[in-house]
Amino acid sequence: MIRGVVLDLAGVVYEGDHVLPGALEAIAELREAGLPIRFVTNTTTKTKQALLARLNAFGLDMTDDELFTPGQAALQWLADHDASPVLLVHPNLEEEFADIPARGTRAVVVGDAGDAFTYANMNQAFRALIDGASFLALAKNRIFKSDDGQLSLDAGAFVTALEYACGEDAIVLGKPSPDFFDAALESMDCAPEDAVMVGDDAESDVAGALKAGLSNAVLVRTGKYRDGDEDRFDPPPTAVADDLAGAVAWILVHS
């Protein structure tokens, strides 16, 4: 029995500047059925508050505690480890870390920096890493779907380049990190075996959730989905749906 729902956002609920058809109605069905929802995203080009404001402008009526972002996870990691950040992130995200005081240790934080992925910035991060800084990746996705409707290179390639150069694996804070999924589940008091993940990324969303212990994961054929994704990664999705409305119909049958 499904007792809690974890939803990806970009490519599942919205794309660019518009909500996907039927998404708001599907979320309303979950709420009417009494199923708690947590929204988890690997989007790292906006602060949590800016993203929350944008989503609520779409009509989602989402609360702060329903939204989980890698930036939020990074802030918690830095506090727990008494570390200050060396940032290689999108300029819009820098303000999320602006109030962190100087601390005893440092951690390189890499997100989707976009045009800020210059040689100079990559080399600055590399030098901090070989000087002993910890290595945090907000996410390690391969691709994302841009606002122009085309697939684009995501932060994963740049994280992997730094891993190769410094000989150290990054600590991934967003999906598919089990800790990221666990935080969302714990916040709604839902055991992994009673939860379902819905996403458009067969690797990070679906296989990641299943590897993290969730019993169910539904892949939707929207967003970054490409033909054959359901057979491309292991473990495969529990179910495949055309869109969020189809995924919610499957969830309600199994709740």
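Predicted model: local features only at pLDDT ≥ 70, side-chain atom pairs only at ≥ 80, totals over all residues.
Local features are taken where pLDDT is at least 70, side-chain atom pairs count only at pLDDT 80 or more, and totals for chains, interfaces and linings use all residues. Residues are numbered from 1 along each chain as its sequence is written, and side-chain values use heavy atoms, with hydrogens and water left out.

Begin with the strands. Helices (H or I, at least four residues) and strands (E, at least two) are DSSP runs, numbered from the N terminus. In general, strands of a sheet pair through backbone hydrogen bonds, either parallel or antiparallel. Two strands count as paired if DSSP finds at least two bridges between them. Contact means heavy atoms within 4.5 Å.

Another open sheet has four strands in the order E6-E7-E8-E11, again with parallel pairing. Strand E6 (83-88) and strand E11 (171-172) each have a single partner strand, so one side of each is left without a neighbour in the sheet. Strand E8 (residues 134-137) pairs with E11 over two bridges, and alanine 137 stands opposite valine 172. Helix H3 (residues 70-80) lies across E6, strand E7 (105-110), E8 and E11, running at about 145 degrees to E6.

Side chains also connect parts of the chain. How many aromatic pairs does a search of the whole structure find? The search finds two. Rings of Phe, Tyr and Trp (its six-membered ring) pair if their centres lie within 6.5 Å; planes under 30 degrees apart count as stacked, over 60 as edge-to-face and the rest as tilted. Tyrosine 14 and phenylalanine 58 form a tilted pair, 5.6 Å centre to centre with 45 degrees between the planes. Tyrosine 14 lies in strand E2 (residues 14-15) and phenylalanine 58 in the loop between helix H2 (48-57) and E5, so the pair ties together parts 44 residues apart in sequence. The rings of phenylalanine 117 and phenylalanine 158 are stacked, because their centres are 3.8 Å apart and their planes at 5 degrees.

Next come the charged pairs. A salt bridge is a side-chain nitrogen of Lys or Arg within 4 Å of a carboxyl oxygen of Asp or Glu, and the count comes to eleven. One of them joins lysine 145 to glutamate 15, with the closest N and O atoms 3.5 Å apart. Lysine 145 lies in strand E9 (residues 143-145) and glutamate 15 in strand E2, so this pair ties together parts 130 residues apart in sequence.

Finally, tyrosine 225 lies in the loop between strand E13 (216-220) and strand E14 (239-241). Is tyrosine 225 buried or exposed? Its relative accessible area is 13%, so tyrosine 225 is buried. Buried means under 20% relative accessible area, exposed over 50%, partly exposed in between (1.4 Å probe, protein chains only). Not counting residues up to four places away in sequence, tyrosine 225 touches Asp200, Leu219, Val220 and Glu230.

Conventions
Axes fitted to C-alpha atoms, helices over the stretch in contact; angles between N-to-C directions.
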